[in-house]
Amino acid sequence: MSKPTEKRIYLTRHAQAEHNVSEDYTIPDAPLTKLGRQQAAALNEATKDTVQATAELLVTSGLRRTLSTTLDGYPLLRKRLEAAGKPIIVLPQLQEVNDLPCDTGSDRATLEADPEYASLDLSALTPDWNSKAGFYAATEDAIRARARWVRRWLRARPERAIAVVAHGDLLRYITAGRNTHEPWANVEVREYTFATDDEDDEAWLVPVKRVAREGEAEPTSSEQVAQ
């Protein structure tokens, strides 16, 4: 098992989704736009010889825009890992932070009925995953605790290189412990490692480099909430 400081975590923001364009945050579980599909395809080309060639695990949020970005953006990685018996992990803890409709995931049964996602294992999407209550609440304390949980989960995994597809606001909490409002572009991939090999509670990450960026820094729902 790799030491934390030997790990490489490839954090990826999803491609452009409908709410990014219209700034209409009432769109339920906002899907990708046509441009978003093109951005995800470009991500595939940009990472086929890097992240997709080296990552040992592929993890994604359970919202439509992250699922689609994962499928369209990392298809070679998915194929390679599935051949080795490692399917995509759909992790509800990676969902976006706010309780707006665009940031609230669909029920498992709804996603399973969609042909695009029918091949994914969605068993981790428990009935409360889209409740925006308790562990998934849109409160500052709950969001920070969830981001910490994600960092510690990634640290505990045995894989040396892990590709993660998530959301702009949550990525800020994962990398900085708070919403810094630092821009994350659509389908931007940044490489991180852990700050220390110590088993500290926070499991802080430190940046290594930017790997890819195929879109613009479209606003997150927190930008709308702050207005």
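Predicted model: local features only at pLDDT ≥ 70, side-chain atom pairs only at ≥ 80, totals over all residues.
1. A quick word on terms to begin: a residue is called buried under 20% relative accessible area, exposed over 50%, and partly exposed in between (1.4 Å probe, protein chains only).

2. Residues are numbered from 1 along each chain as its sequence is written, and side-chain values use heavy atoms, with hydrogens and water left out.

3. Now the aromatic rings. Rings of Phe, Tyr and Trp (its six-membered ring) pair if their centres lie within 6.5 Å; planes under 30 degrees apart count as stacked, over 60 as edge-to-face and the rest as tilted. The count by this rule is three aromatic pairs. F135 and Y136 make an edge-to-face pair, because their ring centres are 5.2 Å apart and their planes stand at 85°. Of these two, F135 is partly exposed at 34%, whereas Y136 is buried at 6%.

4. W149 and W153 are stacked, since their ring centres are 6.3 Å apart and their planes lie at 15°. Both sit in helix α7 (residues 140-156), four residues apart, about one turn of the helix; helices (H or I, at least four residues) and strands (E, at least two) are DSSP runs, numbered from the N terminus. F135, Y136, W149 and W153 form one aromatic cluster.

5. On to charges: a salt bridge is a side-chain nitrogen of Lys or Arg within 4 Å of a carboxyl oxygen of Asp or Glu. The structure holds 21 of them. One of them joins E191 to R8 (2.9 Å, N to O), linking strand β5 (residues 188-194) with strand β1 (residues 8-13) across 183 residues. E191 counts as buried, at 7%.

6. R144 is partly exposed at 36%, and E140 is partly exposed at 34%.

7. R152 forms a salt bridge with D201, with the closest N and O atoms 3.9 Å apart. R152 lies in helix α7 and D201 in the loop between β5 and β6 (205-213), so the pair ties together parts 49 residues apart in sequence. R152 is partly exposed at 38%, while D201 is exposed at 52%.
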